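Welcome, and thanks for taking a look. Here is a short briefing to read beside the structure, with the points grouped by topic.

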Amino acid sequence: MAIDFKISSVGTRENRLGSITGYSGDLHDIIHQSRCGTLKNKERCFSQSSTCNAMCALGQLSGIRDIAIINHAPSGCTAVASGINVNNNQLATKRGISNNTVFLGTDMDENDTVFGATGSLKEIILETYNRYKPKAILIGTSCVSGIIGEDVDSVVEEVKKEIPESIPVAAVHCEGFRSRIWATGFDASDHVVLSSIVKPPKKKTNKINFKNFYESERKQIIEIFSNFGVEPVFFYQNSTIEELEQLSEALATVSICGVLGSYLGNGLEQKYGVPFVKTINPLGIAGFETWLRGIGSAIGKEKEVEAYIEREREIYIPKIEEVKKELRGLKAVLGMGPGYTYEVSRVLQELGMEVVWAASWHYDKIHDNEELPAPLKYLEENSKDNFKVSVADQQNFEILNIINHYKPDIYFSRHPGTTVWAIKQGAAALCVNDEYMIFGYKGTLDFAYTVLDTIKNRSFEKNLASRVKLPYTEWWYKQDNSTFLTSEGK
Amino acid sequence: MAKILDQPRYKCALAAMQTVQSITGAIPILHAGPGCGAKLGGGAGNSGHFSHNIFPCTNISEKEVVFGGEIKLKEIVENSLRVIDAELYVVLTSCTSEVIGDDAEEIARSFRDKGKPVIFASTPGFKGNNYLGHEWVIDSIIDQYLERSDEKIKGLINIWTGIPLHDPFWLGNLRELEKLIEELGLIPNTIFGHTRGIENLKNVPKAEFNLLVSPWLGLSNIKKLENKFGTPYLHYPVLPIGATETSKFLQAVGDFTGVNKKKVEKIIEKHEEEYYYYIERFADVFLETRVMSKRFTVVSDSQYSLALTKFLVNDLGLFPAKQFIIDDAPEKYRKAIEEDFEELNYGIKAEVEFSVDGFKIHNEIKNTDYHGYPLILGSSWEKNVAKSTEAHYLAISWPINERLVINSSYVGYAGGLKLLEDIYSVVLTRFN
């Protein structure tokens, strides 16, 4: 199904791609069911607080420089504003630029739930424009604005008449209840950029669109790409509206995370013919090489890529082989978004470790190109084990039950607040927080040593685990971790 | 009516989940969308025994919005009792569950009728901010959980103060207040933090007194406690920081609870002697600065704006520029708070404005002549305005993103010295 750029609100991953948040089984089964169309979501009759798509949608967009995000919501939904502001400042300072983006709210109250607040919203948008003269104004919707039926799209049309035409104004439809899959918010942010900011190409440039979170390997990647005569443009963090307008002129699009980049990458490919490199991610050796070759073939620089790979392999492969000796046989459990779970599983196997359980916070059986995501295809063909797989929207009780049952040597997680719980049960844990943590040969080597260091010094978890009371009952630890998955959901 | 929330300094009522979380043994059950817990979960030391990752939640989806979420909530509560090892389960409603009209109160009651420790509080985000939400949750606990008791424990005094987790110094401050009260020979009873919790909560009705140290927050709670259990209360609006205010505080509590005046004076004398031993040794640092004027501004909630103004004027001899209060304090309390700002040494009166618009506050600060480099105490939001006004800046209230506070406190004699350390550690980074 092609992406529809005319609609204002992007479909959820559940509806658009058949993605799920409840499953328990194994690698072969979930891929088989994905292929033959029998994969159904399972609901839970016990669940824990997770995350919503608004955080992803507005969080992503708020990294763009010098714009205004207005969250049409009660105050709690805007509680993240200061964290965003501080991160923006720190990340801009690191690059020696400035980012004057503001993240505001409309502080909806009880009256608004009865009488509506589109009038106030319009005033707030205009006031925001007058205060900050932002380069774009993006208005986020919320559970409340959605349920009471606020027509934010009409407000946007009205406001457009009163501010300069060059300033994009758009609604970001990201009501929290829309989707259990927060990655739907990535799609909502991409949809706004594709439909309201990106302009048709005037020329072809030598740029590669690089979708990522916080551009922590910016310098290294600029260096790598210079070998191929191309330049990366990182976004959304620290990007400018002008850079985003020109995404259609690039040679290709790549993404550090398949889940993060799939909507924008496929959208640019479908609408403007910018090739989207859909290989596995540049984590680990196979990932890095496959990804580089994917880029090489998209931009016609295969030879340069091969030369680079050959040079770098010589430096790093012997070192990685050395550290692998110590990692062999270590058992791992993972809990991450699917853009990382299935990629990191591959890297762990590559390093000689054993994946005993891989949990992903959601699962996409296809992406917007209507194909099984690349990391799953890779595991289907290459994984030596048919390891256990579950899908759980950060359901901590299931993860701790799994860790308690399988007693892994190490647990890997990625999302805020999810790593600490494993160590309370005495398992070593490593937060794969930085999206570039396992990037390329050097990142893979650093990662391998970090895993070793984590396993070799267990003091922190030993000290803490022996002193804390766990949050769950003994009864729960005796149950199967999938106990609360009901037979079939919607 | 919706208004511009520029630089938010409060969260919504559902953030009172952190109040529940701070009572050891209690856990909130959120009847809310999937993201509420994560958005509201920040704060000082959130990764505790329970965190928002552990809170049961109905994760309301489109299905519940259309068909109602009562069945879902019932299921989640029932299974929470099996999975989560807690002594008290507090069902909290959200914007969505209230707008769709689910009767969470009845569901909580049905569990209580079966002898399960499940209570309920209405905390939709649109109804009020997290300051009010905190009060509503405590009210619900008083109404639905606390039982009348004929037994009164002599000298037992419940202490209530700032919001758990939202106030970065909430626990350190509370512990310091406990110590001060203990010195008077009383038995402090608090419900938040390590080793307090449910047992102390159950003792609340048995206390001889309630002590509220706060300009307004919690006043409705201690009035409710008075009505329900007949416990007399002392409402002391100033969080005591430094010698001057702490000595006043001890005298007021001593008078209220009938502690021997001489005993109180002796305690004060001992502390003040030690306090001024330190002040004497560092007086040169405070006096002989080339880089700080006498003028200061606090941009914080009622508690800190008042407490810091009192300390900086009455203890340190600085002079107040305009002060800002950003907690959207209910109208009915504002006059009394303003009056508190007028009771400063030497007849000094501090002008104070209640405002939730950070843009306007910062414009006022930029347009103020501090007659030298000012001191600005506030939140992370004040970092930039401090930079543009060449101010000395310290983040002391939410949101504070670039400072780690574990258990430090600004309360009492020790707290005053700690605050001086923090302020002058900033001042000492500059020379003129």
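In this predicted model, the centres of domain 1 of chain A and domain 3 of chain A, taken over C-alpha atoms, are separated by 33 Å. The two do meet: 5 residues of domain 1 of chain A are in contact with 4 residues of domain 3 of chain A.

**Domains of chain A**
- Chain A splits into domain 1 (49-197), domain 2 (207-303) and domain 3 (324-478).
- Where domain 1 of chain A touches domain 3 of chain A, the domain 1 side has 2 nonpolar, 2 polar and 1 charged residues.

**Contact between the chains**
- Chain A gives 60 residues to the contact, and chain B gives 60 residues as well.
- On the side of chain A that touches chain B, at least two residues come from each of several elements, including the helices α3 (53-61), α4 (81-95) and α5 (110-115) and the strand β3 (102-105).
- Further along chain A, α7 (143-147), α17 (396-406) and α21 (474-478) are also among the elements that each supply at least two residues to that side.
- Which helix supplies the largest share of the side of chain A that touches chain B? That is α6(A), with 5 residues; this helix spans 118-132.
- By class, the side of chain A that touches chain B has 28 nonpolar, 21 polar and 11 charged residues.

**Confidence**
- For the model, ipTM is 0.96 and pTM is 0.97.
- Chain B has a mean pLDDT of 97, with 100% of its residues at 70 or more.

Methods: Residues numbered from 1 in each chain as written. Chains lettered and ligands numbered in written order. Predicted model: local features only at pLDDT ≥ 70, side-chain atom pairs only at ≥ 80, totals over all residues. pLDDT = per-residue confidence, 0-100. Contact = placed C-beta atoms within 7 Å. Helix = DSSP H or I, 4+ residues; strand = E, 2+ residues; numbered from the N terminus. Nonpolar A, V, L, I, M, F, W, Y, C, P; charged D, E, K, R; others polar. Domains from an automatic or database assignment.
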